[in-house]
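Colleague: I'm new to reading models like this one. Could you walk me through it, feature by feature?

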Amino acid sequence: MPDVAVIGASMTQFGRREAWIRELLAEAGTACLDDAGVSPEAVEHLYVSNMASGEFEGQTGVPNALAHDLAAVPAYTQRVDQTSASGGAGIYAAWQSVASGASGMTLLVGGEKMTHRTTGEATDVIASLTHPVEYKQGVTLPSFAGLTARLYLDRFDAPRESLAKVAVKNHENGVRNPHAQFRKEIDVETAMEAPMVADPLRLYDFCPITDGSAALLFCPERVAREYTDEYAVVSGVGGSTDTHVVHERVDPTTMGGVVDSGREAYEMADVGPDDVDVAELHDMFTILEFLQMEGLGFAPEGEAWREIERGTTEIDGELPVNTSGGLKSKGHPLGASGVAQGYEIYKQLVGDAGDRQVDADVGLACNVGGFGNCVTTTVMEAAK
Amino acid sequence: MTMEAHRYEDGSITYPGHPRGPNGDEPVGTVDLSDYTAEVVTWTTSQATPPGVREPNHLAIVEFDVSGQAVRALCQLTTGEVSIGDEVRPVYCEELRDPEAGIREAASQSWDGYRFEPVE
């Protein structure tokens, strides 16, 4: 089985964009091929991570459309929908395609167009992933976050301010990211006094609604060396699910999909949490950063909040988390987010992260779908 | 109207029911949870609700004790004046949200059910 390398990456400006889904995907796809110096006809497999272009825009069949727009025909194409974890699942699919020998050059593009919808409409499209007994209650993903945050704070005696500090940290990182939707620092007081969204969580505990796309280019490591000396290797990837019905989980403050996918990725990469130098975690809601830190072994159960208090996860801390600004500040175009996490880790590993650069040889990305319903964790390492 | 949970061969109970239980067992019976009170595990008040959902929307995860077997449900509350550990009871509601307003096909599922109110 060949080692799988990432030899190119791109992401578009995240935020409110005039472009529609086809244009967004083509923008990231062409930029990624240009970044790697690979021609479109070299692409054998083309994967598109996208949750809901049909529901949001009435545009389906986007992988084939993208192959045409990129002049990558007759590449094999496939859409990857794993809700908010579509991007991570796309990394898994792209890795499989190369590791299996089925493809010698695989382009992954993730994207979503959302901002033309009202917040209520976009929230409803996302909430449509829930079971009928959940959906009829009017549950939203933010309300799952409120339910879980209240239990976490109560059970582990964590201060409410610790969640605000996650938002403050990720906004500070986002200022350094030219592609981020929000490049604006906030302080704890602002986060603590913002309008309530899902008690006890307030406005700055939530990611925005976003348009954008991102792309990664994969090939066997022996091929990578023909193009560049600066590449990353996907050394571990794991994917897992938890219950569809969220309240059926034995422990609502443990994300089983994070635990299982992380374990799988660590085992494949033959590394552990102490080896990770930089991590991108799916902070769709601030509470998720704590739950993933614990699920991935970066902190014991109920203790992740202490790490934000200690500064461990700041950009100059022992384990920088969400140097990109995270979904919180960078934005969350559903299908793009997991790919953009991979973009950030790739940039950190090849030393091209600009003002956000940290010293990193091993990076991890955790992409969460639903409220932990499906998760993909990826470990990447700098080329040796 | 019932709030039907499934009981499986190994004694476990889930709401909603599934073709197989958490340990892979087939369902062997049902339990009507609307006959029981429950305890609030956690709760929230959602201020930003989708089309057709009341605003604000008080929600909770509650836990029932069915002859020593715990079973949980997500439900609407009649009030946001609750605390973790409070006892609540079901109150029938003909339409928990407007079936015609959201993205879900109205005919694909039921829309009535129970809201829970604190037991004084």
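**Reading the model**

Modeller: Let's start with chain B: a compact globule of 120 residues would have a radius of gyration near 14 Å, and chain B agrees, with 15 Å. That radius is taken over C-alpha atoms, and the globule rule is 2.2 Å times the number of residues to the power 0.38. Bear in mind that this is a predicted model, where local features need pLDDT of at least 70, side-chain atom pairs count only at pLDDT 80 or more, and totals for chains, interfaces and linings use all residues. Residues are numbered from 1 along each chain as its sequence is written, while chains are lettered from A and ligands numbered from 1 in the order in which they are written.

Colleague: What is the mean pLDDT of chain B?

Modeller: pLDDT is the predictor's confidence in each residue, from 0 to 100. Where it is low, the predicted coordinates should not be read in detail. Chain B has a mean of 97, with 100% of its residues at 70 or more. The model itself scores ipTM 0.98 and pTM 0.98.

Colleague: How many helices and strands does chain B have?

Modeller: Helices (H or I, at least four residues) and strands (E, at least two) are DSSP runs, numbered from the N terminus. Chain B comes to 0 helices and 8 strands.

Colleague: And which strands sit at the edges of the sheet in chain A?

Modeller: In general, strands of a sheet pair through backbone hydrogen bonds, either parallel or antiparallel. Here, two strands pair if DSSP finds at least two bridges between them. Chain A has an open sheet of 9 strands, ordered 3-2-4-7-1-8-11-10-9, with mixed pairing. Its edge strands, each pairing on one side only, are strand 3 (76-80) and strand 9 (278-281) of chain A. Strand 10 (362-369) and strand 11 (374-382) of chain A are antiparallel over 8 bridges; in strand 11, A:Thr376 is the bridge partner of A:Asn367.

Colleague: How many residues of chain A are in contact with chain B?

Modeller: Contact means that the C-beta atoms of two residues, placed from the backbone, lie within 7 Å. By that rule, 34 residues of chain A are in contact with 33 residues of chain B. Elements giving two or more residues to chain A's side are helix 5 (119-127), helix 6 (132-135), helix 7 (141-156) and strand 5 (196-198) of chain A.
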